[in-house]
Amino acid sequence: MKHIEIAVELFSRLASRLSSYTMARLLRGMEEALRRGGDVSMIYHYASMLSPRGVYEDLPYPEPSDYYKSYETEKIKLPSPPERAGVDVFEAIKSRRSRRSYTRGKLTLREISAILYYSLGVTGRAWWGGPKRAYPSAGALQPVEGYIVANRIEGLDQGIYHYNPGEHALELLELGDFSYKIQEIALGQEHVGRAAAVLVLTAVYRRTAYKYSHRSYRYVHWDVGFAGENVYLAVEALGLATTAVGAFYDEELCSLLRIDCVEEFPMLLFPIGRRSRLEIH
Ligand SMILES: Cc1cc2nc3c(=O)[nH]c(=O)nc-3n(C[C@H](O)[C@H](O)[C@H](O)COP(=O)(O)O)c2cc1C
């Protein structure tokens, strides 16, 4: 009963902040969630729909001051990424597969540089001077951040690093072997622990939400989807192996990356390694 009282109190406080349009959407979503045996996704699904009667409502978020995070830590400048892959983009799209079998071999820093640049890198400038990125982004707000859990990368100590796309550099967050930890976080999936590196894509929610309010939870997923396909294609072009991994314990991953799971939250993991013979076909 206690939970119900808390829910009623929270709901009435929330309702007092919503427009009648959003309130009607929310109620519609709750009805649908009930009809579908408690599928709470329906609440957000309906609450975030646009219609001619309601578009974006303001949320009290300030305009973001950055397009990517920067840590004041040791920086490891990445080598320039290769200009060409030697694989046609249509070929790469056709041969792309989720590959979960890796050798014990190392990745090179140049391979990591290529994967990060061609998925998240700054590839140009907009007319207002802001960066343009390898992935398209709603409102050009660029919510996606990248982290590398380095296990076997030539010339790089094992540890956790943040990718700074402006400087095309890795920023050290913590040294150590986190291969087993990241496997545990990914619900024990062994291919995650065996990878030479794991790229984690996160979203800094406010960058998008200041403009697109509560629809932004959709937008940041779309942005990450585009960046994620870039990861797959860059990995394919390099002849390496990866798989998108969406099954992970959110809060455990947040504490590993030192993010709070609200302002910034994890979206996808990409274990990356050298293709084993099983994957060469
Ligand atoms: C959002 C998303 C989450 C996924 N999560 C996992 C996962 O947790 N573990 C895994 O082994 N594969 C995962 N995959 C990979 C899919 O299983 C794979 O894309 C699917 O089987 C199709 O195979 P293909 O990518 O080779 O075409 C995920 C893929 C996507 C797009």
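1. Asp-223 is found in helix α9, which covers residues 216-237. The structure is a predicted model, and the remarks here should be read with that in mind.

2. The setting of Asp-223 deserves a careful look, for this residue is buried and yet has no salt bridge. The nearest side chain of opposite charge belongs to Arg-207 and is 8.8 Å away, whereas a salt bridge is counted only when the nitrogen and the carboxyl oxygen lie within 4 Å. When neighbours within four places in sequence are left aside, Asp-223 is in contact with Tyr-135, Pro-136, Ser-137, Ala-138, Pro-143 and Val-144.

3. As to the chain as a whole, the protein has 10 helices and nine strands. Its radius of gyration is 21 Å, close to the 19 Å that the globule rule gives for 281 residues, so the chain is as compact as a globular protein of that length. The C-alpha trace spans about 55 × 45 × 40 Å along its principal axes.

4. Buried residues account for 48% of the 281 residues, and the chain exposes about 14800 Å², of which carbon and sulfur atoms supply 55%. Among contacts between residues at least 6 apart in sequence, 73% join residues at least 24 apart.

How values were computed: Residues numbered from 1 in each chain as written. Predicted model: local features only at pLDDT ≥ 70, side-chain atom pairs only at ≥ 80, totals over all residues. Heavy atoms only, no water. Helix = DSSP H or I, 4+ residues; strand = E, 2+ residues; numbered from the N terminus. Buried < 20%, exposed > 50% of the residue type's maximum accessible area, 1.4 Å probe, protein only. Lys, Arg positive; Asp, Glu negative; His and termini not counted. Contact = heavy atoms within 4.5 Å. Rg over C-alpha atoms; globule rule 2.2 N^0.38 Å. Areas by Shrake-Rupley, 256 points an atom, 1.4 Å probe, with all protein chains shown as cover.
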